[in-house]
Amino acid sequence: MTLSAVAVVRRYLFELYNDGNVDVVNEICGEPLARHSADGIVTLTRAEQIARIEKDLAAHDPKFTVVTLFGDDSHASLTWNAKRLATGEELCGIEIFQVSEGLITDVWNSNYFEGSWS
């Protein structure tokens, strides 16, 4: 059974980031995975995605909470708050995920903002 887009994103946030289980990338991320921003598109292999996340985890030890998470068969919208335990910095952001056959293929995200969604 293929997980819904929302269920996949929940795994991305909690198992991958909050629990630090980078092996989850191999289960829920497409190869390549396209990251869209205002500056352009970056495509990453699973190995590159793991390296990016490991670097972030080591530097910041972020812990995320969900503000909103909803979607349909192929997309999930996530607004989140995070605290970087390494520095105490609080950030928030919004991301849109495209999921196909249980794999995240694309992520659109704006810059992160200091503070939290209220």
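Predicted model: local features only at pLDDT ≥ 70, side-chain atom pairs only at ≥ 80, totals over all residues.
**Confidence**

- Among the elements of the chain, helix 2 has the highest mean pLDDT, at 98, whereas strand 7, which covers residues 113-114, has the lowest, at 93.

**Salt bridges around Arg 11**

- A search of the whole structure finds four salt bridges, among them one in which the side chains of Arg 11 and Glu 15 meet at 3.0 Å, taken from N to O.
- Arg 11 and Glu 15 are separated by about one helical turn, because they stand four residues apart in helix 1.
- Glu 15 has a relative accessibility of 26% and therefore counts as partly exposed.
- Arg 11 also forms a salt bridge with Glu 27, in which the closest N and O atoms are 2.7 Å apart; this pair links distant parts of the chain, since Arg 11 lies in helix 1 and Glu 27 in helix 2, 16 residues apart.
- The side chains of Arg 11 and Glu 27 are likewise joined by a polar contact of 2.7 Å, and Glu 27, with a relative accessible area of 46%, is partly exposed.
- When neighbours within four places in sequence are left aside, Arg 11 is in contact with Leu 3, Leu 16, Val 24, Glu 27 and Ile 28.

**Salt bridge between Glu 89 and Arg 84**

- Another salt bridge brings together the side chains of Glu 89 and Arg 84, with an N to O distance of 2.9 Å.
- The two partners fall into separate accessibility classes: Glu 89 is partly exposed, with a relative accessible area of 28%, whereas Arg 84 is buried, with a relative accessible area of 17%.

**Largest nonpolar core**

- The largest nonpolar core holds 28 residues, of which Tyr 12, Leu 16 and Ile 104 touch the most other members.
- At least two residues of this core are supplied by each of helix 1 (5-18), helix 2 (25-28), helix 3 (46-60), strand 1 (29-37), strand 3 (62-71), strand 4 (75-84), strand 5 and strand 6 (103-109).
- Helix 1 provides the largest share of this core, namely eight residues.
- Ile 104, leaving aside its neighbours within four places in sequence, is in contact with Val 8, Tyr 12, Ile 28, Cys 29, Gly 30, Leu 33, Phe 97, Gln 98 and Val 99.

- Gly 93 has its place in strand 5, which runs over residues 90-100, and the residue counts as buried because its relative accessibility is 0%, under the 20% cut-off.
- Not counting residues up to four places away in sequence, Gly 93 touches Leu 78, Thr 79, Trp 80 and Trp 117.
- The C-alpha atoms of Gly 93 and Tyr 112 are separated by 5.0 Å, although the two residues are 19 residues apart along the chain.

Note on methods:
Residues numbered from 1 in each chain as written. Heavy atoms only, no water. Buried < 20%, exposed > 50% of the residue type's maximum accessible area, 1.4 Å probe, protein only. Contact = heavy atoms within 4.5 Å. Core = buried A, V, L, I, M, F, W, Y, C linked by side-chain atoms within 4.5 Å. Polar contact = N/O pair within 3.5 Å; in protein donor to acceptor, adjacent residues only side chain to side chain. pLDDT = per-residue confidence, 0-100.
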